[in-house]
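This report examines a protein model, with attention to helix packing, nonpolar cores and selected residues.

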Amino acid sequence: MAAAAIDYSVTAALSNADESQDLVSSVLGELAWFVAGFAVVQTLIFFRILPQMNFPLLSIESRSEGRALQRKCAVKDLCAAASAGQHAKVLEAWDHEKSQGPLPLDALKDSAHALALLAPKRLASDLAAHLARFPAAHTQAAAATTLTELLEVAAEVGGRDFADELASALKLHLGTKPAVADGAALRGHVDAVKDHLKKGDLHAATSRLVAMREAEIEPPARAMAEFFEIAVGLGADAVGHLLNGIDGLFVLPPEAMAVVLSDCLARADVVLARRADALARDQGKQLGFSMYEALLKIYATASDARAMKLFEDMQNRGFFASEGLCGNLLSRCGDAGNLDFAECIVAYLCGRSGMTLPMFKTLMRVYARCGEFDLACDLYERVLEAGLEPDDVMHGCLIRFAVKCGRPQLAEQLCGRGGGGHAHASGHGHGLAAAVVLTRRHER
């Protein structure tokens, strides 16, 4: 019996040892395959067979960028839910995001509105705690606007008592108590400013704004936008005068900025656009997409070097330029001969595989407008490399450009190929044949 027990123990031990060895071998084998696979991928990347890759698990920076992107998406979802009237979803998003980082003013206002409707007892404490948690999120001037806007939301939903309660909570948490303007006094000031502007009395309107500042009465964002809408009807000088009058008194809200930039775009007033852009940056305001769009169009038309920096800033803020916007900007670059910014837009599109045939045609016109006919002709090979086929119009233009810059062989090649392979069968083929004659004359 004892011998049998010993044999059984030995057998069991050997069996366990074999299983352990098999497990170790299996793990080592899987690790070897992983290392081999990683080496193969890196080799393919080195020889440019595969594009460069980032490995989120190995990159702290990538994880940080991923969290930032998730944050932006969450804020956009919150604002979208507010626009759709889904206040419960807004409140849910607020509960999740309020401690993750500072929220932009639009998201704060949407959250305040949802809190006032669904959880009024939490309105004052939640907002005050959030602002106290992230005190460095705004400059002093921008913070004053934030508090005023939140008080407006509270007063609109719950009345003066609601706004007073929020102001007291802000005093407790932040050490500052923004003034809650009396509704009648506020309306009186706003109506007076409008009346002065409608009469064209800019000095009186500015004086009334100064009086509002002294009384610690902040005009609502909607009222500020209306001031500038009236000023737009009076002309560029009136808009500039009002802009100068507000500077130093109040922070220019996005609604008013949009009115100013829209007017600048309509009149191609790059000087006033630069002034508004500088004022927004001095006041610590972050531009919205519509503001970026207007400024980019203005700067592109004026060949202003600020366009490239602004385009980069827009991308860093998480905004994307659509094909329509890029086409519009390229067209403006062509009209202005702004080759540098055009190349910047093309680089952006190439990085996103966004160079379609219409984009190539627009770029071709930019090169031609700048007198860079060689660059315009070079686009032919780039179009083919992109798997596209130039149409008849592009063929005709390329032939003329090839003749102008002394590339007769390219002109002959283009005439023989034809747009879409059927140019000679159409009336446009006669134009191509004429281009051949011009090319041969050029050779002689």
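At what angle do helix H14 (residues 289-301) and helix H16 (residues 323-336) pack, and how far apart are their axes? The angle is about 20°, and the axes of H14 and H16 lie 8 Å apart. The model is predicted: local features require pLDDT of at least 70, side-chain atom pairs count only at pLDDT 80 or more, and totals for chains, interfaces and linings use all residues. Residues are numbered from 1 along each chain as its sequence is written, and side-chain values use heavy atoms, with hydrogens and water left out.

**Overall composition**

The secondary structure of the protein amounts to 22 helices and zero strands; helices (H or I, at least four residues) and strands (E, at least two) are DSSP runs, numbered from the N terminus. Of its 444 residues, 41% count as buried, where buried means under 20% relative accessible area, exposed over 50% and partly exposed in between, with a 1.4 Å probe and protein chains only. Contact means heavy atoms within 4.5 Å. Among contacts between residues at least 6 apart in sequence, 66% join residues at least 24 apart.

**Helix pairs**

Two packed helices are described by the angle between their axes and the distance between the axes. Axes are lines fitted to C-alpha atoms, for helices over the stretch in contact, and angles run from 0 to 180 degrees between N-to-C directions.

| Pair | Angle | Axis distance |
|---|---|---|
| H14 and H16 | about 20° | 8 Å |
| H10 (residues 221-234) and H12 (residues 254-267) | about 20° | 7 Å |
| H19 (residues 373-385) and H20 | roughly 135° | within 8 Å |

Angles under 35 degrees count as roughly parallel, over 145 as roughly antiparallel, 65 to 115 as roughly perpendicular and the rest as oblique. H14 and H16 are therefore roughly parallel to each other. Their crossing is right-handed; a crossing is left-handed if the near helix is turned anticlockwise from the far one by less than a right angle, and right-handed if clockwise. On the H14 side the contact is formed by Phe 289, Glu 293, Leu 296, Lys 297, Ala 300 and Thr 301, and on the H16 side by Leu 325, Asn 328, Leu 329, Arg 332, Cys 333 and Ala 336. By class, this contact comprises seven nonpolar, two polar and three charged residues. In this classification Ala, Val, Leu, Ile, Met, Phe, Trp, Tyr, Cys and Pro count as nonpolar, Asp, Glu, Lys and Arg as charged, and the others, Gly among them, as polar.

H10 and H12 are likewise roughly parallel to each other, and their crossing is right-handed. Ala 221, Met 224, Ala 225, Phe 228, Glu 229 and Val 232 of H10 meet Glu 255, Ala 256, Val 259, Val 260 and Asp 263 of H12. The contact of H10 with H12 has eight nonpolar, no polar and three charged residues.

H19 and H20, by contrast, are oblique to each other, and H19 passes H20 in a left-handed crossing. By class, they divide into nine nonpolar, one polar and one charged residues.

Phe 401 belongs to H20 and is buried, with a relative accessible area of 9%. Its C-alpha is 6.6 Å from that of Cys 377, although Phe 401 and Cys 377 are 24 residues apart in sequence. Leaving aside neighbours within four places in sequence, Phe 401 is in contact with Met 364, Ala 368, Phe 373, Ala 376 and Cys 377. Val 403 also lies in H20 (residues 392-404) and counts as buried at 17% relative accessibility. Thr 362, found in helix H18 (residues 357-369), is buried with a relative accessible area of 10%.

**Nonpolar cores**

A nonpolar core is a set of buried Ala, Val, Leu, Ile, Met, Phe, Trp, Tyr and Cys residues joined through side-chain atoms within 4.5 Å. The largest has 88 residues, and those with the most contacts inside it are Leu 209, Phe 227, Phe 228 and Phe 341. Apart from this core lies another, of 27 residues, among them Ala 93, Trp 94, Ala 107 and Leu 166.

**Loop residues with positive phi**

Ala 268, in the loop between H12 and helix H13 (270-282), has phi near 55°, a positive value in a residue other than glycine. Ala 268 counts as exposed at 55% relative accessibility.
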